[in-house]
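Me: I'd like to learn how to read some features of a protein model. Could you walk me through them, one at a time?

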Amino acid sequence: MTVVDRYKHGSFCWAELGSPEPAVTTRFYSALFDLGIHHGKGYTILRKHGRDVVAIHRMPADREARGETPYWLLHVNVDSIDRAVARVEPRGGRVIVPPREVYDAGRVAVLEDPSGAHLALWQAVGHAGAGLIDEPATMCWWELNTRDADEAGVFYSDVIGWRRAEKSVDATTRYTDFFVGERKVGGMLQMNEAWGGMPSHWMTYFRVEDCDEGAALAEKLGGAILVAPCDIPPVGRFAVVSDPHGGIFSIVAYGQAGRGSPPERGLTAIGRSE
């Protein structure tokens, strides 16, 4: 069990999902991952062993009116949110939500990188973020799927301070690991024509014991399998699924092997935080 009470600068620390029907979405994720439910005022936290895992809230009215698809908004802990936000626009990004207080929990800002992917920055005060990570039913990896890995890589290195290390996956796939010092904190995949018209986005991965069973359960609960379970040697087995309202996420079973080769689109080189 990986218990976390405090996150270092540059670490992914939290994720929340805005839904047009929070009750439906909450039931889906609670049943899929066997998580407890804690209802707050307009904000529902899913928990395991009494520790926060992720949160669900009602999608803002303007986004719902436009018919936007829900997405998991990932949060990165930073030592100084003002200093990080000041670097966003000069590096080609956009500040969607300027820094603001979230009660006594901390300060948050939401940015858009040069390729259009959204990410939140979090400066913790009373709430560090997820109290459990990297165990079944919790987040275990965070990955940027982008249309421009070069520009996005420079942007995040400047804004957050991530060091980049590109590695070879195959002749057509570029994959980059993000580091804070020697600690791996996330990854980045260069999207290609196989992705169709899907825009750049951050993806969160939830760890499961059995990938095939997890994908089947997601479908049974009203979600959909977008990338069928497949092996990613030597990491394990993964799938991309969506919830009943189209919110996309991935599941991965480390060390599991089954049948099927890596997909033509999507993850081909998952890493693990260290």
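Reply: Gladly! Let's begin with a definition: helices here are DSSP runs of H or I with at least four residues, and strands are runs of E with at least two, numbered from the N terminus. Keep in mind that this is a predicted model.

Me: How far apart are the end C-alpha atoms of helix 1, and what span should its residues give?

Reply: Helix 1 covers residues 22-33, and its 12 residues at 1.5 Å a residue should span 16 Å. The end C-alpha atoms are 16 Å apart, which agrees with that expectation.

Me: Which residues of helix 1 are buried?

Reply: The general idea first: an α-helix has 3.6 residues a turn, so residues three or four places apart point the same way. In helix 1 the buried residues are Pro 22, Thr 25, Thr 26, Phe 28, Tyr 29, Ser 30, Leu 32 and Phe 33.

Me: Back to backbone angles. Where does Asp 134 lie, and what is its phi?

Reply: Asp 134 lies in the loop between strand 10 (132-133) and strand 11 (139-146). Although Asp 134 is not a glycine, its phi is positive, at about 60°. The loop between strand 10 and strand 11 also holds Ala 137, whose phi is near 80°, again positive in a residue other than glycine.

Me: Which peptide bond is cis, with omega near 0°?

Reply: Look at the bond from Pro 233 to Pro 234, which is cis with omega near 0°. Pro 234 is in the loop between strand 16 (224-232) and strand 17 (236-242).

Me: How should I read a single side chain, say Gln 190, and what does it reach?

Reply: Start with its place: Gln 190 belongs to strand 14, residues 183-190. Its relative accessible area is 19%, so Gln 190 is buried. The side chain of Gln 190 reaches the backbone oxygen of Arg 147 at 2.9 Å. Setting aside neighbours within four places in sequence, Gln 190 contacts Thr 146, Arg 147, Asp 148, Ala 149 and Arg 174.

Me: Now pockets. How much space lies in the largest pocket, and what lines it?

Reply: Rolling a probe the size of a water molecule over the atoms shows where empty space is left. The largest pocket holds about 1100 Å³. Its lining has 32 residues, with Glu 16, Tyr 43, His 57, Arg 100 and Val 108 nearest the centre. Elements giving two or more residues to this lining include strand 2 (12-19), helix 2 (61-65) and strand 7 (94-102). By class, the lining of the largest pocket has 15 nonpolar, nine polar and eight charged residues.

Me: And what classes of residue line the second largest pocket?

Reply: There we find 10 nonpolar, nine polar and no charged residues. The second largest pocket has about 410 Å³ of space, and among its 19 lining residues Tyr 71, Pro 199, Ser 200, His 201 and Trp 202 lie nearest the centre. Strand 6 and strand 15 (201-207) each give two or more residues to that lining, and strand 15 gives the most, with four residues.

Terms used. Residues numbered from 1 in each chain as written. Predicted model: local features only at pLDDT ≥ 70, side-chain atom pairs only at ≥ 80, totals over all residues. Heavy atoms only, no water. Buried < 20%, exposed > 50% of the residue type's maximum accessible area, 1.4 Å probe, protein only. Polar contact = N/O pair within 3.5 Å; in protein donor to acceptor, adjacent residues only side chain to side chain. Contact = heavy atoms within 4.5 Å. 1 Å grid on protein atoms, 1.4 Å probe; cavity = no way out; pocket = protein on both sides within 12 Å on 5 of 7 lines; lining within 4 Å. Points joined across faces, edges and corners; volume = space filled by probe spheres on them. Nonpolar A, V, L, I, M, F, W, Y, C, P; charged D, E, K, R; others polar. Expected span 1.5 Å × (residues − 1).
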